[in-house]
Amino acid sequence: MKEQISGAEALMRSLLHEGVDILFGYPGGAIMPVYDALYDYRKELNHILVRHEQGAVHAAQGYARVSGKVGCAIVTSGPGATNTITGIADAMIDSTPMVVICGQVGTAMLGTDAFQEVDVVGITQPISKWSYQIRRAEDIAWAVSRAFYIARSGRPGPVVLDFAKNAQTEIFEYESKKVDFIRSYEPVPKMEQTAVEKAAKMINDSVTPFVLVGQGVELGDAREELRALLEKAQIPAGCTMLGLSALPSDHPLNMGMLGMHGNLGPNVMTNQCDLLIAVGMRFDDRVTGNLKTYAKQAKIIHFDIDPSEINKNVKVDLAVLGNCKETLAAVTELVDKTTHQHWIDSFKPYEEKEFNKVINKALNPTEGPLLMGEVVRKVSEAANNEAVLVTDVGQNQLFGCRYFKFSKGRSVVTSGGCGTMGFGLPAAIGATFGAPERTVCMFCGDGGLQMTIQELGTIMEQQAPVKIILLNNNYLGNVRQWQAMFFNHRYSFTPMTNPDYELIAKAYGIPVQTVVNREELDEAVRKMLATPGPYLLQCAVLEEDNVLPMTPPGANVDEMLLEVNS
Amino acid sequence: MAEQHNDCKSCGKCTSYEQEEGKTLYTMLIYSENTPGLLSQITAVFTRRQVNIESLNVCASSTPGVHKYTITCYCDEDMAQMLTKQIEKKIDVIQANYYTEDEVFILETSLVKISTPMMLENRDVSRIVRIHGAHIVEVNPTYATVEKTGITSDILSLYNSLNELGVVLQFVRSGRICITKSRVEHLDEFLNEREIRRAENCNTGISE
């Protein structure tokens with residue numbers, strides 16, 4: 001079927017062909033023909049008008065993370081495009097499938113420093129999975145399909161399409177295309193049976209095996225396969241921050257979170273196990289601490305879909321390449337049904353030590369101001385531990401990830417590798433569209449909220465049911481904590497004078513409540529969750545609270561501080 | 001054969017490779033689709049890992065539509081492996097492999113422009129050209145052009161010897177080109193495999 005249509009309309013058809021039904025965007029000069037075409041496709045393509053282009057990419061990320069589908073953002077050229085850079089870099093390091101479509105000046109004006117012309121492909125090539133300039137209408141169907149194929153296949157990531165204006169207006173004969181093969185690109189390496197057999201043997205020979213669960217388990221939709229392996233061989237596991245909901249929090253083999261502010265047991269045991277089994281994770285420095293002492297006593301198996309992750313930070317004894325949904329299942333078949341009760345029990349003393357020294361104090365304080373930890377746990381439990389956790393970056397994120405509990409997959413939306421402040425609010429908007437049937441709880445600090453606070457406008461317009469929990473301590477809390485611990489308490493530009501957030505919420509028509517006293521917290525949380533639509537719950541929390549335990553930067557993974565040395 | 005001039009910093013002109021301690025000269029052979037913008041993506045991988053590119057050559061390969069990059073750099077093997085994996089990860093890169101000096105046949109070419117009056121004055125000049133197996137490809141009253149093709153050390157030996165006599169006006173060396181000594185053509189094998197996969201895919205959808 002061939003017919004004459006404009007490039008802009010061809011984009012609409014191509015997006016529909018890829019199953020897109022929602023776009024997060026902001027119009028502007030060089031993308032106007034596309035927005036004009038979009039006007040006729042409003043029914044099929046739900047366009048969410050954000051208040052800043054950074055909001056569009058983060059919303060697309062939030063949408064992708066909870067739904068598993070490709071998020072799509074659409075912006076204009078020049079500043080519109082450069083405002084998406086942070087989100088593109090964030091999606092790249094956190095393997096989030098996203099397609100960003102930017103307007104671009106006409107090809108005749110390329111390279112002439114035309115109005116709102118920026119070398120978008122040049123800027124985004126190093127931070128995207130693929131970046132391509134569409135210069136002719138004939139390329140649209142191919143480029144869009146290729147973009148979505150690349151974004152969603154293999155290790156997912158962001159793709160940028162730089163769409164020249166002349167290609168948007170050109171009238172041409174449109175024919176839909178479907179790209180599902182690129183000869184130079186092998187999204188999923190072939191599983192090798194010998195590697196599977198070796199892995200099974202190493203696991204069977206191991207007395208004290210330990211599994212590191214990464215986001216790859218979620219991306220590969222391999223939660224069941226992971227559980228099957230853990231349960232059959234009775235292997236304890238720790239989760240990375242992005243992998244937290246890949247294994248239910250209360251699963252008896254889930255020993256907690258890995259990393260700098262993770263749990264004591266899994267971090268200490270990393271340096272005591274005889275076999276470390278990493279699944280879909282990338283040995284980030286926030287997980288490993290000092291590489292020179294990291295798991296040196298252990299043999300290491302790395303399950304990953306991306307060959308370039310193997311031996312990048314940590315040298316491994318065996319790589320099992322492929323989609324972990326397939327490789328985990330294959331290994332599970334070959335492992336012996338066994339118990340490691342003694343080994344599993346050996347985590348308990350660390351759990352108790354952390355509970356007594358840190359967790360109990362954070363969750364069950366009896367006096368003093370509200371604590372971030374108790375607020376997080378209250379919200380999690382009030383939502384039956386079934387909500388989606390979205391966080392900003394900083395102490396809110398670390399407390400959020402430590403004390404929120406998960407029973408369902410795809411429940412953590414946080415900026416892990418990039419650590420993007422301002423990520424939370426727009427990502428939460430995207431999450432409400434990606435998982436409309438679920439409760440979305442967004443924790444943020446007073447610093448991060450103000451970085452993308454304009455998206456309250458989007459929330460108002462869409463009535464997006466984001467439950468915003470503002471943990472207000474009048475500080476850039478995480479930096480302040482580091483200043484306290486490593487910079488002699490010199491609070492260089494971390495105290496912050498705040499606006500009246502109640503007035504701000506009211507201006508946007510968002511129901512708001514501020515909690516200062518502990519006795520009011522339960523009722524306030526209940527009310528927030530019972531109120532349909534968006535809600536802002538401001539909690540006045542202890543100003544100088546610290547996230548503990550902590551592995552200081554560069555320290556050994558098993559050297560966690562349980563208290564701040566004075 | 002003339003002795004190689006090793007102390008490059010003393011003359012300020014010599015362009016010899018400066019070998020870093022504990023590092024090996026690797027030659028990377030990279031094959032990609034002929035798509036624009038790939039070169040900068042490939043070189044960016046070296047920049048990010050703080051590895052200097054010693055020489056670079058890009059041209060069409062013997063396989064239609066496939067471009068070949070020949071890049072040399074000093075690094076250790078872990079880095080060579082990491083660089084090639086990160087390069088291969090680029091969507092339009094077909095293959096990237098690294099080789100040591102004994103795994104490839106290497107050639108470079110060079111041109112030296114020398115002063116004719118000085119060449120006529122000093123008989124050592126033509127003697128050096130001769131013993132290096134170089135050719136004088138052009139002579140006029142002002143200058144002569146010497147061409148030398150070979151391995152890097154021979155080319156640098158010629159240049160350094162001529163330079164010591166003070167006759168060099170200009171010197172240029174091409175990037176290294178090489179072919180592998182392996183009896184297996186990995187690129188062809190890979191592409192054949194991919195064509196089989198494409199055929200399988202065609203049953204389910206349209207492929208690129």
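1. Contact here means heavy atoms within 4.5 Å. On that criterion, 30 residues of chain B are in contact with 24 residues of chain A. The model under review is a predicted one, and the points below should be read accordingly.

2. Chain B in outline. The secondary structure of chain B consists of seven helices and nine strands. The chain has 208 residues, and 45% of them count as buried. Among contacts in chain B with a separation of 6 or more, 74% are between residues 24 or more positions apart. The accessible surface of chain B is about 11,300 Å², and carbon and sulfur atoms hold 50% of that area.

3. Extent of the interface. The size of an interface is often given as the accessible area lost when the parts come together. For chain B and chain A, the area buried between them is about 2,500 Å². Carbon and sulfur atoms carry 44% of this buried area.

4. Five salt bridges are counted between chain B and chain A. In one salt bridge, the side chain of K315(A) meets that of D78(B), with an N to O distance of 2.9 Å.

5. At least two residues of the side of chain B that touches chain A come from each of α2 (38-48), α3 (77-88), β4 (93-99) and α7 (186-202) of chain B. The largest share belongs to α7(B), which supplies eight residues. By residue class, this side of chain B comprises nine nonpolar, nine polar and twelve charged residues.

6. A site within chain A. Q538(A) lies in strand β20 of chain A, which spans residues 535-540. Is Q538(A) buried or exposed? Q538(A) counts as buried because its relative accessibility is 10%, and the cut-off for that class is under 20%.

7. Surroundings of Q538(A). The side chain of Q538(A) is joined to that of T514(A) by a polar contact of 2.9 Å. Which residues does Q538(A) touch, not counting those up to four places away in sequence? T514(A) is one of them, together with its sequence neighbours Q513(A) and V515(A).

Notes:
Residues are numbered from 1 along each chain as its sequence is written. Chains are lettered from A and ligands numbered from 1 in the order in which they are written. This is a predicted model: local features need pLDDT of at least 70, side-chain atom pairs count only at pLDDT 80 or more; totals for chains, interfaces and linings use all residues. Side-chain values use heavy atoms; hydrogens and water are left out. Helices (H or I, at least four residues) and strands (E, at least two) are DSSP runs, numbered from the N terminus. Buried means under 20% relative accessible area, exposed over 50%, partly exposed in between (1.4 Å probe, protein chains only). Accessible areas come from the Shrake-Rupley method with a 1.4 Å probe; for residues, only the protein chains shown count as cover. Buried area is the accessible area (1.4 Å probe) that two parts lose on being put together, summed over both. A salt bridge is a side-chain nitrogen of Lys or Arg within 4 Å of a carboxyl oxygen of Asp or Glu. Ala, Val, Leu, Ile, Met, Phe, Trp, Tyr, Cys and Pro count as nonpolar, Asp, Glu, Lys and Arg as charged, and the others, Gly among them, as polar. A polar contact is a pair of N or O atoms within 3.5 Å; within protein, one must be able to donate a hydrogen and the other to accept it, and residues adjacent in sequence count only if both atoms are side-chain atoms.
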